[in-house]
Amino acid sequence: MIAIVDYGVGNLASVRKAFRAVGHDAELVRDTQRLREARALVLPGVGHFGHCSREFHRYELGPAVTDARRRGVPILGICVGMQLFFEGSEEAADAPGLGLLPGRVRKMRGVPRLPQIGWNEVQVTGSHPWLAAASGWYYFVHSYAAEPDADVTLGTVDYGGARTAIVGGDGILGVQFHPEKSGPAGLRLIRAWAEAVA
Amino acid sequence: MTVAKRVIACLDIRAGKVVKSVRFVDTKDIGDAIEFARRYNDEGVDELLFLDINASHERRRTAVEFASRVADELFIPFTVGGGIASAEVAGEILRTGADKVAVNSGAVRDPSLITAIAERYGSQACVLSIDGKRSNGMFEVVVDGGRVATGRDAVAWAKEAVGRGAGEVLVNSIDRDGTKLGFDLEMTSAIADAVDVPVIASGGASSSDDFVTLFHETAADAGLAASIFHYRELTIPDVKSAIAAAGIRVRPSEAFVGGGRGRSPLR
């Protein structure tokens, strides 16, 4: 089972529908026991980091996700779900991330407008087994971007300078954009991931 | 570099049917909304806006089920507007798979609506839609589908709404709506220069050149049109080709790149 971690925030329906559109069932799961049974996890998120972090931790989902990470269960993070991989965000200093990847999330500076809303072109800069042919146009909605400490950046987008668009490592991938809202390119990325973790 | 300029198709709907609106009077059915949405999606539209044009003055809630059907099969961003008067209704729509809600009359009556939506769902989910027209030397906000003048200054209202948490502003010119005279560059600029969030221009577009002019002469991030796309007077790929040819960054639609035109418009 692919489990979409359901902490009540944001684009859950869209993500689920996108998986269905590429022939893979993904279930919305909040129960921690069921999360431990999943063969892959999707961590969605949208809006304010603080709100996402608080809701996520209110349902006490942290241990199930960090445990999955330890056990090598594949994880895909989307937008604020990806930001939650990091230690924290400037958007909400008191709200912790999961610390799955080293670094923090910071407000984008020197940009024309905030938030960045719309389509932008992603350059894949690193290699990852789940990222074949992932360069292309994706839909972004964000004011904050991850600033990883280690070399976990796999793709960037140019918005007043290079911003982190894709991060990852062994068994983990995070995207700042919304693949579930990025038309054919996004669906291809979701399908490639679903097939790789199947 | 910056984000691509967006081309947005608007569908005025009533019970799932697309209705055309010229100066917000006289509507007639011209087809099933989902069919139109599908076509625009196939043509590579960047975003869709669904307005339930009767919702506001009949005080009924926007079609949540309709939004859910759209989200079942289209995987591009879409906004739903019309008659949204509470954060609860906004939440219902967003949970179906809509990305944003557009608030208009409801926010003029109760500006705390913007704050409530932004706090719960994020600023990115809250679009302030302004219907404005020239009046007494200013751009005046009108509500209830363009029928009721408020005496409020549209630029001041946009600034206030952004301060309250609106993440985007849709500027619809009542003077231009349905006239095919081109976008209202003056009103769009007045608002785009006053706020720091993305601005969508709406009303009056009839040609690809209107989009090019909009992006050359104003700071708008997106241009929106309805009837010209409905009647195929203009297609999304036509508009995008023209924008790209003018040296403005735009997302090439895949159908468009792969559609035998020979080259990506960006290279």
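**Contacts of A:Val5**

Two residues are in contact if their C-beta atoms, placed from the backbone, lie within 7 Å. Apart from neighbours within four places in sequence, A:Val5 is in contact with A:Val29, A:Leu35, A:Leu41, A:Val42, A:Leu43, A:Leu61 and A:Val65.

**Model and numbering**

This is a predicted model, in which local features need pLDDT of at least 70, side-chain atom pairs count only at pLDDT 80 or more, and totals for chains, interfaces and linings use all residues. Residues are numbered from 1 along each chain as its sequence is written, and chains are lettered from A and ligands numbered from 1 in the order in which they are written.

**Sheet of chain A**

Strands are DSSP runs (E, at least two residues), as are helices (H or I, at least four), numbered from the N terminus; two strands pair if DSSP finds at least two bridges between them. An open sheet of 9 strands in chain A has mixed pairing and the order E2-E1-E3-E4-E13-E12-E11-E8-E9. Strands E2 (26–29) and E9 (136–142) of chain A stand at the edges, each with a single partner strand, so one side of each lacks a neighbour in the sheet.

Strands E1 (residues 2–5) and E3 (residues 40–43) of chain A run parallel and are joined by 3 bridges. A:Ala40 in E3(A) is the bridge partner of A:Ile2.

**Helix H1 of chain A**

Of the 10 residues of H1 (residues 12–21) of chain A, 8 are buried (20 or more other C-beta atoms within 10 Å of a residue's own, with C-beta atoms placed from the backbone). Among them are A:Leu12, A:Val15 and A:Phe19. A:Gly23, which follows H1(A), has a positive phi, near 85°.

**Chain interface**

In chain B, 27 residues are in contact with 30 residues of chain A.

Note on methods:
A residue is buried if 20 or more other C-beta atoms lie within 10 Å of its own, exposed if 12 or fewer, and partly exposed in between; C-beta atoms are placed from the backbone.
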